Each structure stands twice: as C-alpha cells, then as structure tokens.
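Work through these exercises with the model open. Try each task before you read its solution.

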Amino acid sequence: MGFVLFLPFLCLSEIAIAKRFRTDNTALVREFNNIKPQKEDLPTPPDFQDDFLFQDPPAPPSTEKEFKLDAKNDRDRIEERLRHLPPEREAAVIERGKVILSTIKELPTGSAIAGKEIWNLIDSTNNNYSYHFDTPKDDNKETQLLMISRENKNLRRKKTVINNSIFITVAVFIAVILVLIYSISTSLFNALVSLENQTENLAKGDFSTPVSIKHKNNQDELTKFAQNLETLRIALKTNKEKKSLFIMGISHDLRTPIAVIKGYLEALNDDILTTPEEHKNAYTIINSKINLLENMINELINYEKLDSANWQEDLVEINLYEYAKPLLKSAIINGNVLKRKVTGSITIPEKTIVRMNPNLVRRLVENLFSNAIRYTKEEGTINFLLERKDKDVTFSVIDNGCGMKQEDISKIFDLFYRSSNSRTEPGMGIGLTVVKNIVHTHGWSIDVDSELDKGTRFVITIPNIF
C-alpha cells in the first residue's frame, strides 16, 4: 500500500525538479527578452558563424547604434536574477566575446572568451554539468547577446535523493495513518455492530448473555460504555430474578393461611362444625390467619419503602449511647416474657454521636432480636453488645440457638430465603433482607458467623465514628 502511494510522489518529485529548472531559465531569459536596443532600426546581423558572438563585427554605419547591454536597469535586473539562482545553477551573459555578467567560476565577469573555449569548457565539464543556451530576440532578429546556464548534476542528484526521501517519508507516514484509520474504523465498526446485537437481546428481555466487545483499547469510551451496559444487564437480570422469586414467595406464603381460612369457612358453611366451642375455635384460627396475612402485607409494604431514597431525608444526629439503653432494656423484658435469658452491655463513650434514621435502626434491632428469639429454645441465651473497636462502633447480637449450615450463611440475606432450620417457623424470609438493606443504606456493614447446633453471631459495624 505504501509503495503504491510512493509512485505518484516520486513522479511528482521528478516533475517538480524539471519544472524548477525550466522556471529558472525562463525567468532569466525573460529578462533578456525585455531588453530593448538603443535604436529600433538596427541592421540585420550577418549569418551566424562559430565565433560570430565572440568577434568584432564589421563596423556599422555611423548613423546606427549597436545593440549593447549598457542600460543600467537591464543589467541590474539580470544581476538580481543571477544572485537568486539556486546553488546547483550557474549562468553567464556574453556579449561579443566578453563576459559581462557571470556566476560560472570558469567564466569570470569581464573576461574575454572565444567560441572554441566555450565548447572546450562544455566538453570538459559535461559529466558534471548540464548546459543550456538562450539568445534574446527582438523583432525576430538575433542579438549579439548569449546566455549560458548550467546545472550541477551531482547537486541535482543529491537534491533529488533528499526530495525523494522526503516524499517517501511522507508517503510512508500517510500509508501508516491510512492503515491506522482503517484498523481503528474497522475495530469500532465491529464493536458497534456487536453492541447493537447485544442491546437488541436486552430489549427483548434476554439478560442471560454478558455484554462484551472485542476491542484493542480496553480504556476507551466504547469499552466503558460496554461495561456500563454489562452492569445494567446484571441489574436487570437480578431484578428479574427477584421479581420471579418475589412472586413465588408471595404465592407460597400466602397460600397456606388462605387455604386454612377457606377450609374453616367451608366447614362452617357445611355445618361440619356444629358446637359453639368448635365455632369459637374456628373463628379464633381464622382471625389469627387474617392477622398473619396482615403482617405479611405490612412487611412487603415496609420492604418496598426501603427501595425509596426518601427515608434518607430523615437522617439525624443521634446520641447512640442514650438511644441504645431503652432498646436493651426492652429486649431484656421481652426475653423474660418469652423465657429467654437476654443480657447486654454498652461500652461506647456516653457522647457517641451517629447520623442515622432512628425508626429504621429500631426496626433493624427488632428484626435481629426476633430472629434470635425464633431460633433459640426456651432458657436459651441472647447477648447484646455495643462497643468501640478502634475508630468504629460494633453492635453484636449473639445467641446459642440452632445455628446454620455453612451453605445457608451466604444466602440468608436473600429475599424470601429460609434456611433448612427455619422451614417449620412462621415468616416470609424478608426480615434479614430488610436488616441488610437498612445497614447498607446507612453505609454500614454486617457480618454473620454461625455454627450448626451452637448458635449465631450477627455483627454490624458503624465505621469512622471516632
């Protein structure tokens, strides 16, 4: 490709050099052609012979003047042209065997020279110089002026080599640029086509295929755009899975109480339950299942509210020490009622200030406490710890209940997930998901450590308080 581009440039360089040679000669000859004789009625010169320009012609009649280069303006113009010739060009002006102007070192200005000496000079220097002759014209009559110009072949070759090198460099540079443009445009086109096909799959609801492009530059805007699309795809896929899981969870958890309510209503309608005591018992069970449905609906509503950023407007600075004391006291009282041994300690400084939403944090604590109560047997122990760890505050809920299997720990915060030990317990599997959302939306973190049949430990870290 570069060679193809080079050919026209090489041709252009040769044409340019030849054109420059002709231009220099033409300009210099033009100055000669502008020279006017001192008198228009000049005699016709004799026939041209070898030394005509280098011998004294027969004396013309005294009434006519010779054609001479004695006008100062003519001489100045020609001298100016000679001074501006390029280094490889030389020229001389000869009038009747006398060199009147010259840049040729062998023909110094003012020297006399015969025609044979000119031809000998040309013959001896022909290998190094190219010669050119011009004679100005006036009314189609030959004058007695001769211009000899020559060009140094070696300098011309060097100049040609330099010009060719420049043109080759430019040609190679253009070829490289064109190759780069072609490569980049091809890569971009293929990447855009690939992205178009993948976004069509996303638009159709297919989130299974990762969005990626094969692009040489992994740091450009197109790659970052593809990475953003991949993040969007993962989010859409996660939301779709959550939606499916949500529907499955709702249908499963609502089906049981509805089936119970329906069964008792059918029994009452068919007079299967006849005694007042059976009626009362049926109404009690129906009422409990209705309350359970109401609680489930409230949990779903509250969970949905966590997806809104409006709750962040309620963040206030709270004295954590004073805030935690009534929560611990309430947990101890409720534990005693439910026959659990609840203990706790608050060891943070009394003036510890934390920015938080107090209602959500209260719900977080209640969910962790309810979870500990549910999976701890009677007379089991639950311990609350609020303490300082370097610059952080940690809140821990520790129980000696049934614990969890290791494979359940990574999934307990998933919506509607219930571990193998909680299948017989009431609930929808939303409580710990709510806890995680509250923790993360505050910018905190939560960790779980559990061992089957030995208990579970939840630890919430509030960073950079001190």
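**Exercise 1. A pair within a helix**

By about how much of the helix are Glu230 and Arg233 separated in α5?

Solution. The model is predicted, so every step here reads a prediction. Start with the positions. Glu230 and Arg233 are 3 residues apart in helix α5 (residues 221–269), so about one helical turn separates them. Next, check the side chains. They meet in a salt bridge, at 2.8 Å from N to O. Last, check burial. Glu230 and Arg233 are both buried.

**Exercise 2. The surroundings of a strand**

Determine why strand β6 (residues 145–152) counts as largely enclosed.

Solution. Count first. In β6, 8 of the 8 residues are buried, so the rest of the structure largely encloses this strand.

Now find the pairing strands. β1 (residues 89–95) runs antiparallel to β6, joined by 7 bridges. Within this pairing, Val93 has Met147 as its bridge partner. β3 (residues 129–134) also pairs with β6 in the antiparallel sense, over 6 bridges. Here His132 stands opposite Ser149.

**Exercise 3. A salt-bridge network**

Trace the salt-bridge network that includes Arg150.

Solution. Side chains of opposite charge can pair when their charged atoms come close. Take Glu90 first. Its side chain meets that of Arg150 in a salt bridge, 2.6 Å from N to O. Glu90 is in strand β1 and Arg150 in strand β6, 60 residues apart.

Take Glu106 next. The closest N and O atoms of Glu106 and Arg150 are 2.7 Å apart, and the two residues form a salt bridge. Glu106 lies in the loop between β2 (98–102) and α3 (115–125), so its pairing with Arg150 in β6 ties together parts 44 residues apart in sequence.

Arg150 is buried, with a relative accessible area of 0%. Glu106 is partly exposed, at 32%. Glu90 is buried. Put together, Glu90, Glu106 and Arg150 form a linked network.

**Exercise 4. The largest nonpolar core**

Find which residues have the most contacts inside the largest nonpolar core, and which element gives the most to it.

Solution. The core has 43 residues. Leu320, Leu368 and Phe384 have the most contacts inside it. α8 gives the most to this core, with 8 residues. Now follow Leu320. Its contacts include Ile348, Val354, Leu386 and Ile462.

Note on methods:
Residues are numbered from 1 along each chain as its sequence is written. This is a predicted model: local features need pLDDT of at least 70, side-chain atom pairs count only at pLDDT 80 or more; totals for chains, interfaces and linings use all residues. Side-chain values use heavy atoms; hydrogens and water are left out. A nonpolar core is a set of buried Ala, Val, Leu, Ile, Met, Phe, Trp, Tyr and Cys residues joined through side-chain atoms within 4.5 Å. Buried means under 20% relative accessible area, exposed over 50%, partly exposed in between (1.4 Å probe, protein chains only). Helices (H or I, at least four residues) and strands (E, at least two) are DSSP runs, numbered from the N terminus. Contact means heavy atoms within 4.5 Å. Two strands pair if DSSP finds at least two bridges between them. A salt bridge is a side-chain nitrogen of Lys or Arg within 4 Å of a carboxyl oxygen of Asp or Glu. Lists of a residue's contacts leave out its neighbours within four places in sequence.
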